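The sequence and structure come first, followed by notes grouped by topic.

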Amino acid sequence: MTELHGQPAAHAPGAPTIAVIGDGQLARMMQTEAIELGLSLRLLAAAKDPSAAQVVADLWEGDYHELSDLEEVVDGADAVTFDHEHVPNEHLDELIGRGVNVQPRPSALIYAQDKLLQREKMAELGLPVPAFSAVESPADAEQFFARTGGRVCLKARRGGYDGHGVWFPKGEEELSSLVEKLLGEDVPLMAEEALDFTRELSAMVARRPSGEVAAWPIVESVQSGGICSEAVAPAPGLGEKEAARAREIARTVAEELGVTGVLAVELFEVAGEGGPEVVINELAMRPHNTGHWTQDGSVTSQFEQHLRAVLDWPLGATDPVGGTTAMVNTLGADEEPETPLSERVAAVWERYPQAKIHLYGKSHRPGRKLGHVNVTAEDPEEARRVAREAAHVIVQGDWPAAD
């Protein structure tokens, strides 16, 4: 059973109500934009104190795995959306059958939930993906190892995120042993070719149910330990031909799969015979870490756009407000600094008043996403340098050493 907290009547009179399933920072930042749009959110959270639960007045504590909890929270909502892709699709189908406006639909979400189905669908659409294979036995993995010359990335088909559920075995023996162990733990697996890539990119679009699609500039992303640490938009040095191809891929995915709301298509940039090419890495059907720059660097943020899209409202302009915007995540240090967070933030603003700091209300934990910093500048390297320094101070409590 769900437990009601907060103020369930705290909704703008006559304004749409959107039920959000999930209690992380993505839902928290949707709430910020909902306030400005005059909308109201109703949140299903796992507890009373996660990131989004701290700021949404109409708060329900429950379990998204339980259909009865979902039914209570979505009752009377104008739309239902998510800050993750893990709600059981059979529950969403049941809600849709009862007339609930679920966005995005489970028919699209399945391709963000299951990596093998995603790869198969992308290949069916003629979109570029690495070589891949289902892995149902060590023999399957060994055959793929031979096929790719040992260039194997093993993935859990479901549930992986931020580097979890991804393995790079160093040899055939390690691969076979790992597959046997994981299959014995009932982890469904797939393998794909580990590519040599020059950098990672992200193509983000939003689509509303009636079909309108809007695309943001292509983003360069930097990963650290499987977690996105930086995003820079527009991607520095990206040719227009390559950028157009990335946008085309994202638009095709959105339209062919019927995605609604924000879609992020993570891409690898690889060397091709005629120049750089892009290959699909992952899909996310919700606001995404590589889109946080839009809060301060785009006419319309990904969070506002997502809310407008799921309500089938006209989409906003996606032009940069100027120059380049760098986003750097503040990931928890090995040890929490003794200097209070408020003083670290103030120290950043003393030196860089242009830095836009976004914090998620989370307690410290090593490697945890605690917030991010956005900086816009004409020079991409200047934007990146200032954002990095600001994030370093927030995480470590001191300024980085001069080069």
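**Contacts and backbone features**

Leaving aside neighbours within four places in sequence, Glu200 is in contact (heavy atoms within 4.5 Å) with Val219, Glu220, Ser221, Gln223, Leu267, Phe268 and Asn281. This is a predicted model, in which local features need pLDDT of at least 70 and side-chain atom pairs count only at pLDDT 80 or more, while totals for chains, interfaces and linings use all residues. Residues are numbered from 1 along each chain as its sequence is written, and side-chain values use heavy atoms, with hydrogens and water left out.

**Annotated positions**

- The UniProt record, an unreviewed entry, gives the annotation "binding site" to Lys115, Lys155, Glu192, Glu193, Ala194, Leu195, Glu200, Asn281 and Glu282. Such positions are given in the numbering used here, feature names are shortened, and annotations may be inferred rather than shown by experiment.
- Glu200 sits in strand β10; helices (H or I, at least four residues) and strands (E, at least two) are DSSP runs, numbered from the N terminus.
- With a relative accessible area of 11%, Glu200 is buried. Buried means under 20% relative accessible area, exposed over 50%, and partly exposed in between (1.4 Å probe, protein chains only).
- Ala194 belongs to the loop between β9 (189-193) and β10 (199-207), and its relative accessibility of 18% makes it buried.
- Not counting residues up to four places away in sequence, Ala194 touches Arg151, Val152, Cys153 and Phe168.

**Helix α3 and its surroundings**

- Helix α3 (residues 89-97) packs with helix α4 (residues 106-113) at an angle of about 170 degrees, and their axes are 10 Å apart. The axes are lines fitted to C-alpha atoms, for helices over the stretch in contact, and angles run from 0 to 180 degrees between N-to-C directions.
- α3 is therefore roughly antiparallel to α4. Angles under 35 degrees count as roughly parallel, over 145 as roughly antiparallel, 65 to 115 as roughly perpendicular and the rest as oblique.
- On α3 the contact is made by Asn89, Leu92, Asp93 and Ile96, and on α4 by Pro106, Leu109, Ile110 and Gln113.
- By class, the contact of α3 with α4 has five nonpolar, two polar and one charged residues. Ala, Val, Leu, Ile, Met, Phe, Trp, Tyr, Cys and Pro count as nonpolar, Asp, Glu, Lys and Arg as charged, and the others, Gly among them, as polar.
- Asn89, His91, Leu92 and Leu95 are the buried residues of α3. They lie on the same side of α3, because they cover an arc of only 155 degrees around the axis; the arc is that of the directions from the helix axis to the C-beta atoms.
- The cover over the buried residues of α3 includes α2 (67-74), β5 (79-82) and α4.
- Exposed residues Glu90 and Gly97 are carried on the face of α3 turned away from its buried side.
- Gly99, which follows α3, has a positive phi near 95 degrees.

**Helix α10 and its contact with α1**

- Nine of the nine residues of helix α10 (residues 302-310) are buried.
- The axes of helix α1 (residues 25-37) and α10 come within 8 Å and cross at roughly 75 degrees, so the two helices α1 and α10 are roughly perpendicular to each other.
- Leu26, Met29, Met30, Glu33, Ala34 and Leu37 of α1 meet Phe303, Glu304, His306, Leu307 and Arg308 of α10.
- The contact of α1 with α10 has, by class, seven nonpolar, one polar and three charged residues.

**Backbone features in loops**

- The peptide bond from Gln103 to Pro104 is cis, with omega near 0 degrees, and Pro104 lies in the loop between α3 and α4.
- A cis peptide bond also runs from Ala233 to Pro234, with omega near -10 degrees. Pro234 is in the loop between β13 (227-233) and α8 (240-257).
- Asp186 has a positive phi near 60 degrees in a residue other than glycine. Asp186 is in the loop between α7 (172-184) and β9, and counts as exposed at 69% relative accessibility.
- Asp312 is not a glycine, yet has a positive phi of about 60 degrees. Asp312 lies in the loop between α10 and β16 (324-331) and is partly exposed at 27% relative accessibility.
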